[in-house]
Amino acid sequence: MSERSQTQEDYYQGVPMVRYDLLKEISIVTVVMLVLATVLALAFSSPDVPSVTIKAWAQADPVDFVTTATNELSDQSPSALYGAPYNSGSASVQSMGPVSPQGFAGVGVPVDPANDFVLTPLTLASSGSPDLAAALKTYNSASDAQRSQWLDAYTKALAKAEVRQGRVAVAAGAYGPIPTMMSSLLGVARTGGLDGLLATSGHFYQTDFSRPLLFMSDGTYLAGLGKAQHLAGNQWGVMNETGLYPGQTWLWLFTMWYQVPPVSTAPNADLVVMAIMVLLTTLLILVPFIPGVRSIPRLVPIHRLIWRRYYAVPAPPRPVVPVNLAPDPT
Amino acid sequence: MTTPASPGPGDTVTSAPTEPTPVRRETGGWTGAAAGWLERRLPIGKLLPTRQPYYIGSWVYVFGVVTIAALIWVVLSGVILTFSGPQWWHVSSVGRFINSLHFWSVQLFFIFMVLHLWGQFFMASWRDGRARTWMVGGLIFAVSILTAFTGYLSQQNFDSQWIAISAKDAFNSTGIGSFFNPLNFGQMYGLHVMLAPLAVIALVVVHLVMVRIKGVVKPIGRPGESR
């Protein structure tokens, strides 16, 4: 009978057995783990840096906020150019050769930054504000060429913008209704109104924060906070967390590929890393069937430490099969 | 429907000494087949063994049990956090402590799971018909990573925001961004408190049953031995 199909009784035949109390072991270990986790929890607590709001961003860095919003309106922000699953852009769509699962999957979380992040919130905020309503009317009735002209000029002017009494001031120029619109959006954001307006989806309850997170990620303010907390991509990003806490250390292999050339500089780094990790995870699961890898434990004598009691006893001599040398009576 | 008349006053009730009625097991049908299978494959002596081979006297054998113990506290602290809602621990000192317990239990869970994994690798524990046990263990590791990831996204703090923004590109690049959207708190929270832990627990139960059915593997053979 092969060892594969043996019962436990057959498998352990001849092996000395010792007393073993499984439930006692589990109970003791469970209590020990509770004590250990409690001591760690009391001594080190857990990380909880408060979430960043659009309100905080608009108050702390109004120029970055207005620059980001202007980029959204001119469809030049990372989110506007992203592509699937948010929109029809292509800047962040990755592929391996001719294969692009991202492009194939298409748009599943539709996001229209100009409308979702700027125009719709401004339209909602224009009630009771004749200046803003007039600015929006001017903007909406202008040609695409005219809008581009205003936005290009305003974007260039923002490079030398200053903050005066909480407002973003730029040099005089032909910006059309853009300064009024941006000033209003900044005002709404500074009161916290934009946090709610971006999260709303026409329902009372809301749990999807795709829009506000994408909007904030288009600016430089959030990225600066992440970098200060050693969380940037080239700082082993995702596996770290705020403070000196261990973070998701189990993601070290995933994060490592982002630090290693040529993956670190590849335009399709995310897809390459995901492919590598799916492959490695599959290989880990299939270790028992991979020649060479499955033989490593025999070659590395760690098992001799683990089973040192077993190896302390020399192997029993092999049974000698008597050989009948007498002539066959038949 | 009639019921047997109960004996009246003065009636003499006699009963012959009876043998205990033998329990007859019906082996037919799905239930009978399942009962028979369980009885053959996993009798109580295997599920809760009182004797084990003498060579299990090593700390490496404890790592698996320690991992399960940590998982128990991960689940229990997680249940308390779930009952109180995702914002509770940000505003309550008790909540912060429970969250810390959850956090450190998760860290311990992963530390000992990795030690268990390496220990089993160097013992080549997939030998003698135990490959499927190893495979389920590998799957538990992968699903646990996904479960912890959704947990980090459910914290509702700066870490959640940052991890969501950073990780979205990886999922989007594979084409699953529409179905697994790290920016969607509701989706991540639902996965974290229900489906993902259910998957981990179910796989751990399967893994344990497989270990108990087969028993621990014998040591790698000495030079000259066949194992």
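Predicted model: local features only at pLDDT ≥ 70, side-chain atom pairs only at ≥ 80, totals over all residues.
How many bridges join strand S1 of chain A to S1 of chain B, and in which direction do the two strands run? Three bridges join S1 of chain A, residues 17-19, to S1 of chain B, and the strands run antiparallel. If you want one pair to find on the screen, take A:Arg19, whose bridge partner in S1 of chain B is B:Arg51.

Let me now widen the view to the whole contact between the chains, which takes 78 residues from chain B and 81 residues from chain A. On the side of chain B that touches chain A, the elements giving two or more residues are strand S1 (51-53) and the helices H3 (60-84), H5 (93-122), H6 (131-153), H7 (158-173) and H8 (185-214). The residues of that side of chain B divide into 44 nonpolar, 26 polar and eight charged.

Next, a pair of helices. Two packed helices are described by the angle between their axes and the distance between the axes.

Staying with chain B for a moment, H3 has 25 residues, which at 1.5 Å a residue should span 36 Å, and its end C-alpha atoms are 37 Å apart, so the two values agree. After H3 of chain B comes B:Gly85, with a positive phi near 85°.

Turning to chain A as a whole, we find 18 helices and three strands. The radius of gyration of chain A is 32 Å, well over the 20 Å that the globule rule gives for 330 residues, so chain A is more spread out than a compact globule. Along its principal axes, the C-alpha trace of chain A spans about 120 × 55 × 40 Å.

Finally, some backbone details. Most residues other than glycine have a negative phi, and most peptide bonds are trans. The bond from A:Ala84 to A:Pro85, however, is cis, with omega near 5°, and A:Pro85 lies in the loop between H5 and H6 of chain A. The bond from A:Pro261 to A:Pro262 is cis, with omega near 5°, and A:Pro262 sits in the loop between H14 and H15 of chain A.

Conventions
Residues numbered from 1 in each chain as written. Chains lettered and ligands numbered in written order. Contact = placed C-beta atoms within 7 Å. Helix = DSSP H or I, 4+ residues; strand = E, 2+ residues; numbered from the N terminus. Nonpolar A, V, L, I, M, F, W, Y, C, P; charged D, E, K, R; others polar. Pairing = 2+ DSSP bridges. Expected span 1.5 Å × (residues − 1). Rg over C-alpha atoms; globule rule 2.2 N^0.38 Å.
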